[in-house]
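Please keep the structure open while reading.

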Amino acid sequence: MHLIMILNALAVAWWLRSSWNQPQGSWSLRWRRSLFLFLFPPLLIFMTAIAVLFMGPQGQMGGMYTGSISYVVALIYLAFFAILCIKLAFQGWQSVESARNCPLVNLGDKRARLLQTGALFAGQIGFWQPELVISQGLLQTLSPDHLESVLAHEQGHHYYRDTFWFFWLGWVRSCTAWLPNTEPLWEELLSLRELRADGYAALQVDPLVLAESLLLVVSTSLVLSEICCAALGSSGADRLEQRIEALLAPPEPIQETQLQSWHSFLLALLPLVAVIFHT
C-alpha cells in the first residue's frame, strides 16, 4: 500500500510538471503559476516519503499489508534530499567566504565588497543577510547615474531576500532534476526574480538609465554560481529583451505575496492523512 502511495505521488508530480508551458500575462500570474508547478510536485513527493517513513515498514493500511521495500525507498529518497542540501549549503558557504575575503569599499551610504576584476559585475552574495559585491571594472566603466541604477537593482534583491529563497529553490531544483520542465521553470523563476528587482529599482531611478546599465552588464557579466548569488545579469542574455521591454513599458504593480496564494500548497500535506489509517 505504501508503494502505491509513492507511485501515485510520482504520477501526480510528473503530470503537473508536464502541464507547464510558457506562461503569458502579468508578473504576479506568471510567478504564482511557475512557483506552484516548480514547488508543489517535489513537496508532494517529500510529504509522501515522510508519511511512509512515519508509518514504518510493518503494519496494515486499508486492509493491505505494508512491506519494507517502500520504507527503504522513502528513506533513500529523504537521505538523498539531505545530502544535496548539505552539499549546496557548503558551496554557498564557500561563496560567502570568498566574498568576505574581498576588501570593503564605501559607495555613498552603502558598503560593498570590491572584486578585483575588469569584468562588469554587481551582485548580492549570501543567505538571509547577503553582502553587496561589485567589481573594479564596474566602478571604472559606469557613470554615477548608471552605478546608482545598478545599486538600486541590487537593493531590490536584498529587499526581497532573493539569495535566501532561491537557495532553497535551487535545492529543490537539484533534488528534482529528473522531473520534466525543471530547467525551464527554474529559468522562468530566475527571470521573474530579475523583473521584480528591476521593478523595485525603477521606482527609485530612471528606468531608461537602468536599461542602459543592464545592456552593459549582461553583455560582459561574470559567470558565477547561482548558489546564494543574485546579480544584475544572472537571468542571462536570452531574457535581456524581455527585461528591457518591461523597463520601457508602463510600470506594472508587483503585489506582495498574499497568504491566500499559498493555500494550494496545503494539498501537498494530504499524504500525511494516510497515517491515521495505518495500523
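Predicted model: local features only at pLDDT ≥ 70, side-chain atom pairs only at ≥ 80, totals over all residues.

Once neighbours within four places in sequence are set aside, the residues in contact with Leu272 are Met47, Ile50 and Ala51. The C-alpha atoms of Leu272 and Ala49 lie 9.4 Å apart in space, although 223 residues separate the two in sequence.

## Packing of H2 against H3

As for geometry, the axes of H2 and helix H3 (residues 68-100) come within 9 Å of each other and cross at roughly 130°. H2 is therefore oblique to H3, and the crossing of the two helices is left-handed.

## Arg30, in H2

Helix H2 spans residues 27-55 and includes Arg30. Is Arg30 buried or exposed? With a relative accessibility of 11%, Arg30 counts as buried, because the class takes in values under 20%.

The side chain of Arg30 makes a polar contact of 2.8 Å with the side chain of Glu188. Apart from neighbours within four places in sequence, Arg30 is in contact with Gln22, Pro23, Gln24, Gly25, Glu188, Leu192, Leu195 and Gln242.

## Packing of H7 against H9

Two of those partners of Arg30, Leu195 and Gln242, also take part in the contact between H7 and H9, in which Ser191, Glu194, Leu195, Asp198 and Ala202 of H7 meet Gln242, Arg243, Ala246 and Leu247 of H9. By class, the contact of H7 with H9 holds four nonpolar, two polar and three charged residues.

How are these two helices oriented towards each other? The axes of helix H7 (residues 182-202) and helix H9 (residues 240-248) are 10 Å apart, and the helices pack at an angle of about 30°. H7 and H9 are therefore roughly parallel, given that angles under 35 degrees fall in that class, and H7 passes H9 in a right-handed crossing.

## Positive phi in two loops

Most residues other than glycine have a negative phi. Against that background, Arg161, which is not a glycine, has a positive phi of about 55°; Arg161 is placed in the loop between helix H5 (144-159) and helix H6 (162-175).

Asn181, likewise a residue other than glycine, has a positive phi near 65°. The loop between H6 and H7 contains Asn181, and this residue counts as partly exposed because its relative accessibility is 23%.

## The protein as a whole

The secondary structure of the protein consists of nine helices and seven strands. The protein has 279 residues, of which 47% count as buried. Among contacts in the protein with a separation of 6 or more, 73% come from residues 24 or more positions apart.

Notes. Residues numbered from 1 in each chain as written. Heavy atoms only, no water. Helix = DSSP H or I, 4+ residues; strand = E, 2+ residues; numbered from the N terminus. Buried < 20%, exposed > 50% of the residue type's maximum accessible area, 1.4 Å probe, protein only. Polar contact = N/O pair within 3.5 Å; in protein donor to acceptor, adjacent residues only side chain to side chain. Contact = heavy atoms within 4.5 Å. Axes fitted to C-alpha atoms, helices over the stretch in contact; angles between N-to-C directions. Parallel < 35°, antiparallel > 145°, perpendicular 65-115°, else oblique. Left-handed = near helix turned anticlockwise from the far one by under 90°. Nonpolar A, V, L, I, M, F, W, Y, C, P; charged D, E, K, R; others polar.
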